[in-house]
Amino acid sequence: MDFSSKLLENAVNEVSRLPGIGKRTALRLVLHLLKQPKESTKYLTEALRVMRNEIKTCKKCHNISDTILCDICANPKKNTQIVCVVEDIRDVMAIENTAQYQGVYHVLGGKISPIEGIGPQNLQIESLVEKVRLGEVKELIFALSSTMEGDTTNFYIYKQVEKYDIVTSTIARGISVGDELEFADEVTLGRSILNRIPFENSLKG
């Protein structure tokens with residue numbers, strides 16, 4: 001792709017680094033920004049700068065937050081003894097949108113994937129096990145995607161906490177094998193949470 005401007009080329013190259021965006025889409029987005037008033041671009045860049053510099057991680061659940069404690073953990077109506085284990089903020093948003101779940105979350109920040117060099121030590125697993133050890137949790141709900149990496153992560157955590165007196169469950173397989181939670185419709189996802197099954201049962205399948 002030949003560019004008449006090095007500045008344009010640099011901008012397109014940076015935008016195309018975003019996931020799911022190729023060079024042609026990046027060019028279309030950059031040209032769109034060029035057609036907008038300079039103030040619009042200024043607002044966008046400022047919003048990204050402020051987000052990058054000021055965003056925080058909730059000290060309890062590791063969710064992305066504007067404050068030290070996220071709105072979910074700070075909500076007195078939430079049952080803090082039921083913890084839903086998810087991969088990232090997209091899964092938290094998907095489950096919250098169902099309005100069917102009244103517990104809190106624990107965001108791992110990924111899944112165990114040896115191929116990608118991601119091991120248990122790279123995820124927020126130790127802090128989750130510590131919550132269980134301290135007796136803060138009565139039930140863990142495993143809500144990772146039904147992939148090999150998700151199942152491996154679920155099983156690893158299960159082995160870490162099985163000696164403690166808690167209930168471990170997993171969302172019902174209304175979610176197709178291999179699907180990511182963020183793409184599930186709200187009704188299906190809500191039913192999967194409500195109709196969760198003991199984790200031990202999922203090991204027999």
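Colleague: At 39% relative accessibility, what does Leu44 count as?
Modeller: The model is predicted, so local features need pLDDT of at least 70 and side-chain atom pairs count only at pLDDT 80 or more, while totals for chains, interfaces and linings use all residues. Residues are numbered from 1 along each chain as its sequence is written, and side-chain values use heavy atoms, leaving out hydrogens and water. Buried means under 20% relative accessible area and exposed means over 50%, with a third class in between (1.4 Å probe, protein chains only). Because its relative accessibility is 39%, Leu44 counts as partly exposed.

Colleague: Which helix gives the largest share of the nonpolar patch on the surface?
Modeller: The patch is formed by Leu33, Leu44, Leu48, Met51, Ile55 and Ile64, which together have about 490 Å² of accessible area (by the Shrake-Rupley method with a 1.4 Å probe, where only the protein chains shown count as cover for residues). Patch residues have over 30% relative accessible area and no salt bridge, and nonpolar side chains (Val, Leu, Ile, Met, Phe, Trp, Tyr) are joined within 5 Å, like charges within 9 Å; a salt bridge is a side-chain nitrogen of Lys or Arg within 4 Å of a carboxyl oxygen of Asp or Glu. Helices (H or I, at least four residues) and strands (E, at least two) are DSSP runs, numbered from the N terminus. Leu44 has its place in helix α3, and the largest share of the patch, three residues, comes from residues 38-54, helix α3.

Colleague: Which strands stand at the edges of the sheet?
Modeller: Five strands form an open, mixed sheet in the order β4-β3-β5-β6-β7, where two strands pair if DSSP finds at least two bridges between them. Each edge strand has a single partner, so one side of each is left without a neighbour in the sheet; the edges are β4 (103-107) and β7 (197-198).

Colleague: What angle does the direction of helix α4 make with that of β4?
Modeller: Helix α4 (residues 89-96) packs on the sheet and touches β3 and β4, contact meaning heavy atoms within 4.5 Å. Axes are lines fitted to C-alpha atoms, for helices over the stretch in contact, and angles between N-to-C directions run from 0 to 180 degrees. For α4 and β4, the angle is about 160°.

Colleague: Is His62, with its positive phi, buried or exposed?
Modeller: Most residues other than glycine have a negative phi. His62, found in the loop between β1 (56-57) and β2 (64-65), has a phi near 70°. Because its relative accessible area is 19%, His62 is buried.
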